[in-house]
Amino acid sequence: MAEDRRALDDASASGQAPRLFASEAEYALHMTRGELDRVTGTAEEIRTGSLTWPDDRKDLT
């Protein structure tokens with residue numbers, strides 16, 4: 001992601017990418033960062049055992 005951010009910054013600074021396209025790329029980078037943070041956080045909860053899980057599926061109803 002850092003490489004993508006640098007490429008976007010370089011393209012924006014040089015005028016190679018119209019602002020509309022840069023905006024779309026920025027959105028994609030933010031979404032990817034959010035997804036990565038979510039997955040990383042969930043993995044940490046699993047690793048530490050802090051993610052609770054029902055023992056019986058009937059608890060889900």
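Please keep in mind that the model is predicted. Here is a short tour, from the overall form to single residues.

**Overall form**

- Along its principal axes, the C-alpha trace of the protein spans about 60 × 25 × 10 Å.
- Of the 61 residues in the protein, 8% are buried.

**How the helices pack**

- Helix α1 covers residues 2–14, and helix α2 covers residues 19–48.
- The two helices pack at an angle of about 165°, and their axes are 11 Å apart.
- That angle makes α1 roughly antiparallel to α2, since anything over 145 degrees counts as such.
- The crossing of α1 and α2 is left-handed.

**The contact between α1 and α2**

- On the α1 side, the residues taking part are D4, R5, L8 and S12.
- Facing them from α2 are A22, A25, E26 and L29.

**A closer look at E26**

- E26, one of the α2 residues that meet α1, is worth a stop on the tour.
- Its relative accessibility is 19%, so E26 counts as buried, the cut-off being under 20%.
- Leaving aside neighbours within four places in sequence, E26 is in contact with R5, L8 and R19.
- Of these partners, R5 and L8 belong to the α1 side of the helix contact.

**The loop and G15**

- G15 lies in the loop between α1 and α2.
- With a relative accessibility of 57%, G15 counts as exposed, because that value is over 50%.
- G15 and M31 are 16 residues apart along the chain, and their C-alpha atoms are separated by 24 Å.

Terms used: Residues numbered from 1 in each chain as written. Predicted model: local features only at pLDDT ≥ 70, side-chain atom pairs only at ≥ 80, totals over all residues. Heavy atoms only, no water. Axes fitted to C-alpha atoms, helices over the stretch in contact; angles between N-to-C directions. Helix = DSSP H or I, 4+ residues; strand = E, 2+ residues; numbered from the N terminus. Parallel < 35°, antiparallel > 145°, perpendicular 65-115°, else oblique. Left-handed = near helix turned anticlockwise from the far one by under 90°. Contact = heavy atoms within 4.5 Å. Buried < 20%, exposed > 50% of the residue type's maximum accessible area, 1.4 Å probe, protein only.
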